[in-house]
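This briefing is for a reader who is new to the structure below.

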Amino acid sequence: MQLRSVTTVTLLSISLLFIFIFNADAHNITRLLADHPEFSTFNHYLSLTHLAGEINSHTTITVCAVDNAAMSDLLSTHPSIYTIKNILSLHVLLDYFGAKKLHQITNGTALAATMFQATGSAPGSAGFVNITDLKGGKVGFSPEDNNNQINTYFVKSVKEIPYNISVIQISKILPSDVATAPTPGPAETNITAVMSAHGCKVFADTLIADVDAEKTFESNAEGGLTVFCPVDDAFKAFLPKYKNLTAARKTALLEYHGVPVYQSLAMLKSNNGVMNTLATDGASKFDFTVQNDGMDVTLKTKVVTAKITGTLIDEQPIAIYTVDKVLLPKELFKAQAETPAPAPAPDVTADSPKPSTKKSKKAPSPSDEADTPSPADDAADQVADQNAAVRFDGARFGSLIVCVWWIVKTML
């Protein structure tokens with residue numbers, strides 16, 4: 001009996017482990033709200049402002065949704081998309097509040113941080129929301145900058161996945177003078193000034209010196225631009241190789257560090273894959289692969305793998321990130337050869353070509369300006385990379401299955 005009880009507990013623990021593994025980070029706010037047409041406008045603007053991706057990237061979150069009528073009241077004032085983002089980010093609480101928790105708040109009130117506060121755009125405590133358990137079963141919500149006046153109330157629970165995400169309906173938009181203040185768009189942002197002030201001065205100065213490259217970056221700023229800026233130490237070390245490039249190749253290398261669409265960090269984490277750059281031009285692919293490496297986001301070319309180390313600005317339509325290495329495209333630099341596997345013993349019965357006796361003793365340098373792109377680029381390489389990633393995940397899952405089987409077998 002004791003052995004059977006231990007086995008039962010073990011199997012239960014294993015089941016809970018599997019549930020945890022396959023449900024972690026599983027929520028998608030857009031899909032959750034898609035089942036509720038009364039929130040279609042709210043859902044639309046979560047996507048339009050890219051808040052949906054940021055919500056999905058959090059493992060513990062509460063979304064205070066408002067219906068289409070409440071959104072119509074907000075939109076009737078014709079706020080800019082940037083102001084709408086500030087307002088809606090005030091409706092995303094960085095904690096889990098299901099219906100039960102709302103009615104059991106300790107001491108009757110709780111102060112919740114919001115995504116608006118986390119952006120740094122809210123001065124002082126303006127990005128916090130007071131939640132109060134009132135008499136008669138009501139729960140009220142009031143932003144900190146609303147002088148503690150409560151005129152927005154909990155309506156119902158829409159969807160709860162404890163303790164991952166809670167979607168609740170509140171009666172109307174939370175009133176906040178700070179959040180609703182007109183917000184200028186970042187299209188006029190001086191991107192080189194931002195980079196220079198935050199550890200990327202060498203790259204910024206190099207970009208300013210290249211008229212064609214700078215013009216390409218500026219022309220894409222209004223429609224959408226993501227920049228991956230090498231930190232000063234990395235670009236300083238690269239300058240000798242950069243100076244040996246032709247003018248056209250210098251321009252291409254600089255443009256290779258820009259993407260002609262806006263990509264928030266949450267979007268980069270959820271949309272892994274091949275990404276074109278400002279240098280992409282027909283047959284000249286100049287692309288790289290975005291991959292997650294644990295909590296890090298990496299940019300993988302055929303030559304180097306760089307890691308995003310910080311965010312300088314992330315406000316639609318512009319995002320600028322720092323990276324720890326200069327991005328080297330295979331169109332300009334030779335790809336790094338992977339370490340070959342040990343060759344099998346030769347079959348003495350098989351005819352094989354004799355090795356050349358005219359091998360060069362010196363491997364070509366990646367900085368050689370005469371380097372030509374590898375003919376094996378392209379879709380086959382990309383598919384192989386993706387398949388390799390799938391095989392790795394499969395292997396890890398297979399190992400987990402074997403481990404579970406061994407534990408069960410041992411306990412029986």
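His78 is exposed, with a relative accessible area of 69%; exposed means over 50%, buried under 20% and partly exposed in between, with a 1.4 Å probe and protein chains only. The model is predicted, so local features need pLDDT of at least 70 and side-chain atom pairs count only at pLDDT 80 or more, while totals for chains, interfaces and linings use all residues. Residues are numbered from 1 along each chain as its sequence is written, and side-chain values use heavy atoms, with hydrogens and water left out.

**The chain as a whole**

- The protein chain has 16 helices and 14 strands; these are DSSP runs numbered from the N terminus, with helices being H or I of at least four residues and strands being E of at least two.
- Of the 412 residues in the protein chain, 40% are buried.
- The accessible surface of the protein chain is about 22,400 Å², and carbon and sulfur atoms hold 56% of that surface. Such areas come from the Shrake-Rupley method with a 1.4 Å probe, and for residues only the protein chains shown count as cover.
- Among contacts in the protein chain with a separation of 6 or more, 66% are between residues 24 or more positions apart; contact means heavy atoms within 4.5 Å.

**Backbone features in loops**

- Most residues other than glycine have a negative phi, and most peptide bonds are trans.
- His78 has a positive phi, near 55°, and is not glycine. His78 sits in the loop between α5 (68–75) and α6 (81–89).
- Phe286 also has a positive phi, in this case near 45°. The loop that holds Phe286 runs between β10 (273–275) and β11 (288–293).
- Is Phe286 buried or exposed? Phe286 counts as buried, at 7% relative accessibility.
- Pro162 and Tyr163 are joined by a cis peptide bond with omega of about -15°. Tyr163 lies in the loop between β6 (152–161) and β7 (165–170).

**Helices α3 and α6**

- The axes of α3 (residues 40–48) and α6 come within 10 Å and cross at roughly 110°. Therefore α3 is roughly perpendicular to α6. Axes are lines fitted to C-alpha atoms, for helices over the stretch in contact, with angles from 0 to 180 degrees between N-to-C directions. Angles of 65 to 115 degrees count as roughly perpendicular, under 35 as roughly parallel, over 145 as roughly antiparallel and the rest as oblique.
- Phe42, Tyr45, Leu46 and Leu48 of α3 are in contact with Ile81, Ile84 and Leu88 of α6. By class, this contact has seven nonpolar, no polar and no charged residues. Ala, Val, Leu, Ile, Met, Phe, Trp, Tyr, Cys and Pro count as nonpolar, Asp, Glu, Lys and Arg as charged, and the others, Gly among them, as polar.
- In α6, eight of the nine residues are buried. The buried residues of α6 include Ile84, Lys85 and Leu88.

**Helix α11**

- Val202, Phe203, Ala204, Thr206 and Leu207 are buried in α11. The elements covering them include α10 (191–197), α12 (211–221), β8 (225–230), α13 (232–243) and α14 (247–255).
- Thr206 belongs to α11 (residues 201–209) and has a relative accessible area of 12%, which makes Thr206 buried.
- Which residues does Thr206 contact, leaving aside its neighbours within four places in sequence? Thr206 is in contact with Phe235, Leu239, Tyr242 and Leu254.
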